[in-house]
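I opened a new page for this structure today. My notes follow in the order in which I looked things up.

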Amino acid sequence: MGAAAAPIPHLTVITFLFLFPTIIRSHTPTISVKDFGAIGDGKHYDTFAIQSAIESCHTKPCYVTFPTGTYLTATIYLKSNVILDIPKDTTILGGTKLEDYPKESHKWYVILAENASNVGITGGGVVDGQGSEFVVKFDQRKNVMVSWNQTGACSGDECRPRLVGFLDSTNVRVWNVTFTQPAYWCLHIVRCQNTSIHDVSIYGDFNTPNNDGIDIEDSNNTVITRCHIDTGDDAICPKTYTGPLYNLTATNSWIRTKSSAIKLGSASWFEFKNLVFDNITIVDSHRGLGFQIRDGGDVNDVTFSNINISTRYYHPSWWGRAEPIYVTTCPRHSNSKEGSISNLNFINITVNSENGIFLSGSEGGLLRNLRFININLTYRRWTNYKGGLIDYRPGCQGLVNHSVAGIIMEHIDGLEVENVNMKWIDGRTAQWNNPLDFRPSTVNNISLLNFRSGFNRSGFDTQ
């Protein structure tokens, strides 16, 4: 047998992902959905016209464009070599009826590409899932959502459509587009190879559960950059259900969420490896950087750098207790396998938070070789929600009463702390007198170099 082909360097892949849209735009025709009978008034369904335009050109590269208007549609099936071009002042509006979506609930998307290549969405316009139409009860703490499980269409409380999905596809490009009001997950990348997501804005209702921003599932070679995500649930969420996830890079983005800004898991049956998150701003979130490894998959080689984090308490019905950094492994169920986390780097991180860092491995899933370098932590209270709780959800121990500390540690082998400055602002943080909380029997090989902690009595506004 001949020698195996050498892998493509990661930077080469990234360069190609960004050049690809410009290259194909200058060499591809444009087809208008109006030529196939689309109305664009937001009242009449344009599904047939849109799908006809897509089918007319998917054997060779082309752009399917939407003249100014609002196009109501059931599920659109995006094909290989097709870029949906949704211009500014144009909206694709997802249907809100069960019959608008396929019989198979795993294909419930407003826009769906499956087994496609060289495919994408752009144009500067909007894809709107009409998520507010799925709210049964509006509640400032947490909305109650409709679930189509009562019809027998699927099971679980999350039985409602996602917004955009790319399944088992290659060379996926999503850029210069806005996704808004998803009824469930917004942008879902599943078992894909070579995906570029850049200059994308995502707006989900802040009180709606499960309206994740970007879920990257079992996919490799993914680049996310210059994205703005403002949503109720997890913003960037890598998961492993059926296979490993390698080579994910997310940079230069802004995030606000009532859950985790960046979360690995909780679906975590397979390995996560080679993930980089750089130059990201996280504001008003319930949790900043999170790991929920519950199903036996291992995590290796993840770097967070140049990140500003602001985390606060929200209602405890949302997972999270204002932890700026949350790294956990524990079995989801009593018979679940324990995964491990190793070689994490946190470099140049600035935190303003109502709660401390939580690092919790488990007996069979240790945290190994964690590095915190150049970290500035400022702790103060400004909401009236109850503190003094550790949140292990999902599974594990649930919510547990625990004294507040700057960093809580359990089941760790190898922690390096260098140039870390921790301060408490006067006020309701006065009872925080424990910078590091751990039991020596479960935490080994700690190195502290230039670690400083103390109260700040400068009169900082505690609201």
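**Confidence first**

I started at a chain end: over residues 459-463 the pLDDT stays under 50, and the model has ten contacts beyond four places in sequence for them. I noted that pLDDT is the predictor's confidence in each residue, from 0 to 100, and that contact means heavy atoms within 4.5 Å. Residues 1-12 also stay under 50, with four contacts beyond four places in sequence. Where pLDDT is low, the predicted coordinates should not be read in detail. The protein averages a pLDDT of 92, and 92% of the residues score at least 70.

I wrote down the ground rules. This is a predicted model, in which local features need pLDDT of at least 70 and side-chain atom pairs count only at pLDDT 80 or more, while totals for chains, interfaces and linings use all residues. Residues are numbered from 1 along each chain as its sequence is written, and side-chain values use heavy atoms, with hydrogens and water left out.

**Helix α2**

I looked up which residues of helix α2 (residues 47-55) are buried, and found Thr47, Ala49, Ile50, Gln51, Ala53 and Ile54. Buried means under 20% relative accessible area, exposed over 50%, and partly exposed in between (1.4 Å probe, protein chains only). Helices (H or I, at least four residues) and strands (E, at least two) are DSSP runs, numbered from the N terminus. The buried residues of α2 pack against β1 (30-32), β2 (41-45), β3 (62-65), β4 (69-73), β5 (76-78) and β6 (82-85).

**Two loop residues**

Tryptophan 148 is in the loop between β12 (144-145) and β13 (162-167). Is tryptophan 148 buried or exposed? Tryptophan 148 counts as buried because its relative accessibility is 9%. Leaving aside neighbours within four places in sequence, I found tryptophan 148 in contact with residues including Thr96, Tyr101, Trp108, Phe134 and Cys159. I also checked tryptophan 148 against valine 127: they are 21 residues apart in sequence and 22 Å apart in space, C-alpha to C-alpha.

Serine 362 sits in the loop between β28 (357-360) and β29 (367-379). Serine 362 is buried because its relative accessible area is 7%. Not counting residues up to four places away in sequence, serine 362 touches Thr329, Cys330, Glu338 and His411. With the side chain of glutamate 338, the side chain of serine 362 makes a polar contact (2.6 Å). A polar contact is a pair of N or O atoms within 3.5 Å; within protein, one must be able to donate a hydrogen and the other to accept it, and residues adjacent in sequence count only if both atoms are side-chain atoms.

**Pocket and cavity**

I needed the rule before the numbers. On a 1 Å grid over the protein atoms alone, a cavity is a set of points where a 1.4 Å probe fits but cannot get out, and a pocket is an open set with protein on both sides within 12 Å along at least five of seven lines; lining residues have an atom within 4 Å of a point. Grid points are joined across faces, edges and corners, and a volume is the space filled by probe spheres set on the points.

The largest pocket holds about 430 Å³ of space. Its lining has 24 residues, with Glu158, Asn210, Asp234, Lys263 and Trp319 nearest the centre. The elements giving two or more residues to this lining are β22 (260-266) and β24 (287-293). β22 gives the most, with three residues.

I counted one cavity of 30 Å³ or more. The largest cavity has a volume of about 100 Å³. It is lined by 14 residues, and Asn355, Gly356, Leu389, Ile390 and Ile408 lie nearest its centre. β30 gives the most to this lining, with three residues.

Most residues other than glycine have a negative phi, and most peptide bonds are trans. I looked for exceptions. Glycine 265 and serine 266 are joined by a cis peptide bond, with omega about 0°; serine 266 lies in strand β22. Another cis peptide bond joins arginine 393 and proline 394, again with omega about 0°.

Glutamine 181 has a positive phi of about 50° although it is not a glycine. It is partly exposed, with a relative accessible area of 22%. Asparagine 252, in strand β21 (residues 245-257), has a positive phi near 50°. Asparagine 252 is partly exposed at 37% relative accessible area.
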